[in-house]
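Dear colleague,

My notes on the contact between its chains follow.

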Amino acid sequence: MLKDKLRKARKDAGLTQKQVAVAIGVTESAYCGYETGKRQPDALKIKQIAEVLGISGDYLLDIDAPESAQDGAGLTFDDFTYAMHGASGDLTERDKQLLLDMANQLAAANRERKKNASGENPD
Amino acid sequence: MPVERILIEAYADLLRRGVIFFSGNYRFDAGADACTIKYGDTFGLFLDSGRIKTPRQEKEAVVHEWVHIAGDATYRVDAPPAIRQKAEESARRDEIKKLLPFERMRGAVQNGITQIYELSEFFNVSEEKVRMAIDYYTGPCGLTFG
């Protein structure tokens, strides 16, 4: 549910309710209401919260990736997350493109694995 | 050189988690030698064969990515720097605990292995990791090796 995802994402980001509230321009009480389910943020607020917490709005809203994206075709930067070892600087545009290519490669491999698994268990 | 237990443990756990492995000459401009991608619920671990040349480098890269995956600590390409740094700091702490457990490190120091280069050789990790471990244990953890 949205409220649970908000709370988890905020804690993962190491932020307090007040910090997020200030960042998105609402009172702490209003933001607290989002996390308890007493209030519902509108689309703009969800977008702002997602940006502050570094997550996707689709994740907050439980919107699944479109079928084409699930198949690994035409992924965007919103469709995956990453981590690195040994990086000493910011990502260049080439690095970002490399990450996108990797995400596509992973999606294709995952699709292949699922296909093989279903082939092994025909019933 | 035999494969170290920690690397076997890392690969075994990654396989249990269904991680898909890739290898290639990626050459990130940012200097990374390994990268984790999370797509849906699936993790992919990409090792740069052009940069990982020794078992030690492989161990450090795989263990670092392992703790990211085990902790589900990945971030978006456009994540704010603070979130990226938090995830990386957390991964570095967990990585240190795996590569250089405090009790083993203290035991080594008490047995006369006190220089950075000696500890690096003893634990088969880079001197950078030894410095990170010393900073972490004596700083935020408030521990001493004496």
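A polar contact is taken here as a pair of N or O atoms within 3.5 Å, of which, within protein, one must be able to donate a hydrogen and the other to accept it. In this predicted model, 19 residue pairs across the interface of chain A and chain B are in polar contact, counting pairs with both residues at pLDDT 80 or more. On the side of chain A that touches chain B, the elements giving two or more residues are α1 (2-12), α4 (43-53), α6 (67-70), β1 (80-85) and α7 (93-120). The most comes from α7(A), with 13 residues. By class, this side of chain A holds 20 nonpolar, 13 polar and eleven charged residues.

The rule also finds three salt bridges across the interface of chain A and chain B. One of them links A:Arg94 with B:Asp29, whose closest N and O atoms lie 3.6 Å apart.

Regarding extent, 44 residues of chain A are in contact with 39 residues of chain B. Between them the two chains bury about 3,400 Å², with 60% of this on carbon and sulfur atoms. A:Tyr82, A:His85 and A:Leu106 together supply 24% of the area that chain A buries against chain B, more than any other three residues.

The two chains are also joined through strand pairing. β1(A) runs antiparallel to strand β2 (residues 34-39) of chain B, and six bridges join the two strands. Within this pairing, A:Phe80 stands opposite B:Tyr39 in β2(B).

With kind regards

Methods: Residues are numbered from 1 along each chain as its sequence is written. Chains are lettered from A and ligands numbered from 1 in the order in which they are written. This is a predicted model: local features need pLDDT of at least 70, side-chain atom pairs count only at pLDDT 80 or more; totals for chains, interfaces and linings use all residues. Side-chain values use heavy atoms; hydrogens and water are left out. Contact means heavy atoms within 4.5 Å. Buried area is the accessible area (1.4 Å probe) that two parts lose on being put together, summed over both. A salt bridge is a side-chain nitrogen of Lys or Arg within 4 Å of a carboxyl oxygen of Asp or Glu. A polar contact is a pair of N or O atoms within 3.5 Å; within protein, one must be able to donate a hydrogen and the other to accept it, and residues adjacent in sequence count only if both atoms are side-chain atoms. Helices (H or I, at least four residues) and strands (E, at least two) are DSSP runs, numbered from the N terminus. Ala, Val, Leu, Ile, Met, Phe, Trp, Tyr, Cys and Pro count as nonpolar, Asp, Glu, Lys and Arg as charged, and the others, Gly among them, as polar. Two strands pair if DSSP finds at least two bridges between them.
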